[in-house]
Amino acid sequence: MIGYYIIIGISMLVSWWVSSRLKSKFEYYSKVHLRNGLSGKEVAEKMLRDNGINDVQVISVPGQLTDHYNPENKTVNLSEAVYMQRNAAAAAVAAHECGHAVQHKVGYSMLQLRSKLVPVVQISSNLMQFVLIAGIMIMAATQSIENPTGNRLVLAIGVIMFACTTLFAFITLPVEYDASNRAMKWLRDTGTVTAEEYVGVKDSLNWAARTYVVAAVGSLAQLLYWASLLMGGRRD
């Protein structure tokens, strides 16, 4: 299992670094105040109106980086700081979340696919670690001269579960990048932000997207490790 812990350690280190950079970027661009004086809430409402979306509500939710779009009740949920503040960072986040609302309206295929996978991923995420560990134990307990790799059925089920979460992570990438592209295009084309403010918006969203890239690559690395055990690789 040493190899697995090395993968986990590297993934956590890279994730921490990217998250730290993201936090510092947002702190920096939160000091770039919008000349139009719009708050994150007002930016979101304007983008929704401009895209002909009248049935989505913009609401405030507690916490930091808790911003998200909920397609179930059609709400753009903005963290308290983003909801109230009037800066480039808030505009970037608000417009990005509205980008998901636009995806929902136009029937963006990757968003629809991700939504369909949510129930499967929820089950897999809750059970896969237990199944994988059980699979390793069963393999070890059933090894023999006739069957040197042991019974691999349970481990195979665990690997399939992990593959579902990895697939979900990679499907999330185009969804997030597309939402950011929609946000940046709207902010630029409508003149909601100035050229200087747009630089901050683009930089903020690029770093936010990198967190999803790190998560997807880390998940793939772990999947390959478990798959190597299933195929008869070493456990050390």
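UniProt positions are given here in the numbering of this chain, with feature names shortened, and annotations may be inferred rather than shown by experiment. For "transmembrane region", the unreviewed UniProt entry lists residues 6–22, 117–141, 153–175 and 212–231. This is a predicted model, in which local features need pLDDT of at least 70, side-chain atom pairs count only at pLDDT 80 or more, and totals for chains, interfaces and linings use all residues. Residues are numbered from 1 along each chain as its sequence is written, and side-chain values use heavy atoms, with hydrogens and water left out.

**Annotated spans**

- Helices (H or I, at least four residues) and strands (E, at least two) are DSSP runs, numbered from the N terminus.
- Residues 6–22 are 100% helix and 0% strand, with end C-alpha atoms 24 Å apart.
- For residues 117–141 the span is also 100% helix and 0% strand, and the end C-alpha atoms lie 34 Å apart.

**Helix H2**

- In helix H2 (residues 40–50), the buried residues are Gly40, Val43, Ala44, Met47 and Leu48; buried means under 20% relative accessible area, exposed over 50%, and partly exposed in between (1.4 Å probe, protein chains only).
- These residues line one face of the helix, because they fall within an arc of 130° when seen down the axis of H2; the arc is that of the directions from the helix axis to the C-beta atoms.
- An α-helix has 3.6 residues a turn, so residues three or four places apart point the same way.
- The buried residues of H2 pack against strands S1 (57–61) and S3 (75–79) and against helices H3 (80–84), H4 (88–106) and H6 (153–189), where contact means heavy atoms within 4.5 Å.
- After H2 comes Gly52, with a positive phi near 70°.

**Nonpolar cores**

- A nonpolar core is a set of buried Ala, Val, Leu, Ile, Met, Phe, Trp, Tyr and Cys residues joined through side-chain atoms within 4.5 Å.
- The largest such core has 38 residues, and those with the most contacts inside it are Val43, Leu48, Val76, Leu78, Leu187 and Val201.
- Two or more residues of this core come from each of helix H1 (2–29), H2, S3, H4, H6 and helix H7 (195–230).
- H4 gives the largest share of this core, eleven residues.
- Not counting residues up to four places away in sequence, Val43 touches Leu34, Leu38, Ala91, Ala94, Trp186 and Leu187.

**Sheet**

- Three strands form an open sheet of mixed pairing in the order S1-S3-S2; two strands pair if DSSP finds at least two bridges between them.
- S1 and strand S2 (68–70) are the edge strands, each with a single partner, so one side of each has no neighbour in the sheet.
- From one strand to the next, the twist averages 30°.
- S2 and S3 run antiparallel and are joined by three bridges, and Asn70 stands opposite Thr75 in S3.
- H4 packs on the sheet, touching S2 and S3, and its direction makes about 30° with that of S2; axes are lines fitted to C-alpha atoms, for helices over the stretch in contact, and angles run from 0 to 180 degrees between N-to-C directions.

- Thr166 is in helix H6 and counts as buried at 4% relative accessibility.
- Thr166 touches Ser219, Leu220 and Leu223, not counting residues up to four places away in sequence.
- Ala169, also in helix H6, counts as buried at 16% relative accessibility.
- Ala169 and Leu113 are 56 residues apart in sequence and 12 Å apart in space, C-alpha to C-alpha.
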